[in-house]
There are 4 protein chains.
Amino acid sequence: MGEGERRRGAPGERGEKREAILEAALALFAELGFHGASMPQVAERARVAAGTIYLYFESKEALVNALYRRWKQELASAMMKDFPAEAPMREQLRALWQRRIAFALKHPREMAFLELHHHAPYLDEESRALERELKAPARELFERARAQEIVKPLPAEALIAIALGAMNGLFRASQEGELALTQEIIDQAEGCCWEAIRR
Amino acid sequence: MGEGERRRGAPGERGEKREAILEAALALFAELGFHGASMPQVAERARVAAGTIYLYFESKEALVNALYRRWKQELASAMMKDFPAEAPMREQLRALWQRRIAFALKHPREMAFLELHHHAPYLDEESRALERELKAPARELFERARAQEIVKPLPAEALIAIALGAMNGLFRASQEGELALTQEIIDQAEGCCWEAIRR
Amino acid sequence: MGEGERRRGAPGERGEKREAILEAALALFAELGFHGASMPQVAERARVAAGTIYLYFESKEALVNALYRRWKQELASAMMKDFPAEAPMREQLRALWQRRIAFALKHPREMAFLELHHHAPYLDEESRALERELKAPARELFERARAQEIVKPLPAEALIAIALGAMNGLFRASQEGELALTQEIIDQAEGCCWEAIRR
Amino acid sequence: MGEGERRRGAPGERGEKREAILEAALALFAELGFHGASMPQVAERARVAAGTIYLYFESKEALVNALYRRWKQELASAMMKDFPAEAPMREQLRALWQRRIAFALKHPREMAFLELHHHAPYLDEESRALERELKAPARELFERARAQEIVKPLPAEALIAIALGAMNGLFRASQEGELALTQEIIDQAEGCCWEAIRR
DNA sequence: CATGAATGAGTTTTCATTCAT
DNA sequence: TATGAATGAAAACTCATTCAT
């Protein structure tokens with residue numbers, strides 16, 4: 001690798017810097033917020049010159065948006081991959097919940113970033129469209145569950161808000177060190193959420 | 001150059017300006033975040049000169065902290081006032097939940113502000129201490145409920161995270177316009193949360 | 001006056017700083033061009049902090065435009081004031097020419113600024129509209145002169161280009177120190193321009 | 001990624017890139033000014049990598065200077081080539097004027113570039129020396145004309161400023177689309193300029 | 001108390017220039 | 001030769017804070 005002695009015009013691995021920038025921005029935006037983190041800070045953490053960021057991203061806004069989309073997609077993929085769409089409804093709901101919290105625990109900073117920037121005014125139309133698009137499958141799942149009279153007769157949005165809101169609460173508590181999320185607790189909590197919404 | 005209604009030295013109500021500043025800062029911080037809202041913006045919205053803010057608050061940080069503490073206290077008061085501490089446990093848990101969501105719906109901006117600034121790096125030790133202090137009663141209530149084997153044998157923090165996390169989810173969904181929180185839905189949702197944690 | 005010891009919040013004469021900024025910007029834009037002069041340079045020459053410029057002008061573009069309009073107006077006023085509109089045509093043409101060169105010699109930097117920024121891409125619609133508006137009277141005068149068969153049957157634009165172009169040439173030569181524009185030479189040159197266009 | 005027609009090392013015509021750079025710089029400097037046009041812009045327009053420019057020119061300043069000298073020379077050559085130095089004075093003056101405007105109309109961007117950069121602070125001593133050198137022949141011609149009492153007894157600089165200034169005015173008007181410079185108008189205008197200065 | 005003009009450090013962004021490939 | 005990613009100083013502009021009035 002030989003860090004530090006490389007200079008101008010010596011490209012490292014293809015896209016290496018772009019990744020370093022995304023990684024640095026993620027950490028700083030998650031911790032300090034979009035307006036709280038400055039481009040020089042991002043540059044410094046990415047070990048890159050300030051101007052370099054603009055080779056890869058048009059602006060600070062473009063940077064958050066790229067980051068937001070990447071991880072929103074990543075989350076969606078993790079949720080969708082081999083989803084047991086043919087399994088019984090209870091199984092599907094469990095999968096939804098467990099996959100989401102597993103993702104959160106595997107990528108806590110990324111999840112915190114997504115939560116913090118959800119619906120932020122500097123997200124562009126593309127990011128908003130993605131948000132809408134990725135919300136649909138969960139909604140449909142809950143609609144179906146309700147149609148099958150498996151869950152309580154509440155609006156799908158309310159059911160989602162309850163089950164995933166509870167999950168967010170757990171995740172935040174664990175992030176703040178109030179709670180150690182062992183698999184046992186997770187499984188129990190999943191049971192709680194199921195009992196919250198089941199008919 | 002025609003002046004406004006009142007001019008320098010013509011005092012309005014005592015503390016009127018301080019209130020205007022707090023109110024303006026609340027709205028802007030809730031909408032744009034701490035770093036996203038500028039002091040000139042706050043001054044403009046409060047219809048006060050930029051310098052005036054510094055008569056009442058030492059700095060921007062002092063301002064958020066004052067705001068944070070005020071509404072954290074306000075929330076705590078609304079929760080505590082005439083709390084049915086002698087009522088059956090189920091009743092107490094319901095009261096906790098219902099009071100919190102009632103507060104959120106009565107003061108949505110204030111609640112959004114508190115949520116957004118929870119654990120923010122610019123909160124000072126006093127604000128953090130207050131946060132800790134106000135968390136205690138709820139924790140104790142859940143501990144007691146668990147000791148009475150009324151709720152599931154999970155850590156109090158997990159039970160809180162689930163019940164109040166679900167509530168936050170509902171509040172956020174209603175704020176984003178996804179869900180209309182009628183009293184009927186609220187009551188049903190409270191039932192859900194109870195079933196989530198009950199033994 | 002007490003220069004140098006004044007600081008924050010101590011306003012000098014009303015508009016004093018605005019004038020200083022306009023004056024500094026004029027000198028620098030005339031000498032270095034719009035893109036060649038930086039805002040910090042303007043601030044320094046105006047003995048003002050960089051941020052102060054933005055209290056008076058929205059942007060660098062707004063600043064050039066304000067300057068351009070001011071001096072375009074000033075030039076127009078100097079041309080129009082008590083214009084001998086009833087005098088014989090020859091007299092009117094002489095007045096036009098003499099007033100313009102008198103203005104140029106009285107305000108050489110301002111004239112150089114106007115010439116340099118004429119039709120520049122950063123001039124806004126308002127400035128362009130003013131340019132068009134102020135061109136009209138001269139055009140009409142030459143049209144009338146042509147209708148009266150006093151001048152050569154060339155398009156008014158050509159006659160203007162010749163008579164005022166020659167004048168510009170003289171002014172530039174004098175600015176570059178190639179030529180001393182005594183009143184005698186000016187008068188003779190005016191005669192030349194008259195003979196250039198007369199029938 | 002698919003590459004362009006040619007790649008590194010596949011040589012085009014000798015000096016092809018240098019020409020492309022000069023051509024691109026000319027167009028951009030003429031339109032946007034020296035400071036208004038960036039090296040990346042020049043590179044892009046020349047379809048050349050940014051670094052390539054520095055193989056041919058030491059710096060941005062070296063580039064304008066090279067350009068300036070080239071076209072100043074070109075203009076001088078066009079003026080001088082087969083100049084009818086033995087013809088009657090009137091004929092020589094006409095030739096001077098007609099050749100200059102013919103050049104301007106044949107190379108309008110180049111002429112605009114020369115005009116815009118005339119006496120610019122980033123022109124180096126060599127360019128300035130060239131400017132002085134090329135001014136001499138015209139000056140001598142007008143001196144001789146004055147000595148022969150063919151033209152008015154004004155300083156040669158004034159005569160030049162008048163005759164060529166008028167021409168510049170016509171050229172600028174035509175560039176701005178105010179005036180169509182037909183050969184007929186040109187000839188008439190040449191007559192005007194002659195009458196301006198003739199004894 | 002209240003003002004708001006003024007400040008200057010800090011922000012986002014651009015750009016002339018370099019140099020490993 | 002030619003490239004273009006990378007640099008970092010400097011540009012335009014913002015903003016928390018001060019202080020004479």
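Visitor: How are H4(A) and H5(A) set to each other?

Guide: In this predicted model, the axes of helix H4 (residues 60–80) and helix H5 (residues 89–106) of chain A come within 9 Å and cross at roughly 140°, so H4(A) and H5(A) are oblique to each other. Oblique is what remains once angles under 35 degrees (roughly parallel), over 145 (roughly antiparallel) and 65 to 115 (roughly perpendicular) are set aside; axes are lines fitted to C-alpha atoms over the stretch in contact, with angles from 0 to 180 degrees between N-to-C directions. Helices are DSSP runs (H or I, at least four residues) numbered from the N terminus.

Visitor: Which residues make the contact?

Guide: Leu75(A), Ala78(A) and Met79(A) of H4(A) meet Leu96(A), Arg99(A), Arg100(A) and Phe103(A) of H5(A), where contact means C-beta atoms, placed from the backbone, within 7 Å. By class that is 5 nonpolar, no polar and 2 charged residues, with Ala, Val, Leu, Ile, Met, Phe, Trp, Tyr, Cys and Pro counted as nonpolar, Asp, Glu, Lys and Arg as charged, and the others, Gly among them, as polar.

Visitor: Switching topic, how many residues of chain C are in contact with chain D?

Guide: 30 residues of chain C touch 30 residues of chain D.

Visitor: And which helix of chain C gives the most there?

Guide: H8(C) does, with 11 residues, and the side of chain C that touches chain D has 17 nonpolar, 8 polar and 5 charged residues.

Note on methods: Residues are numbered from 1 along each chain as its sequence is written. Chains are lettered from A and ligands numbered from 1 in the order in which they are written. This is a predicted model: local features need pLDDT of at least 70, side-chain atom pairs count only at pLDDT 80 or more; totals for chains, interfaces and linings use all residues. Two residues are in contact if their C-beta atoms, placed from the backbone, lie within 7 Å. Helices (H or I, at least four residues) and strands (E, at least two) are DSSP runs, numbered from the N terminus.
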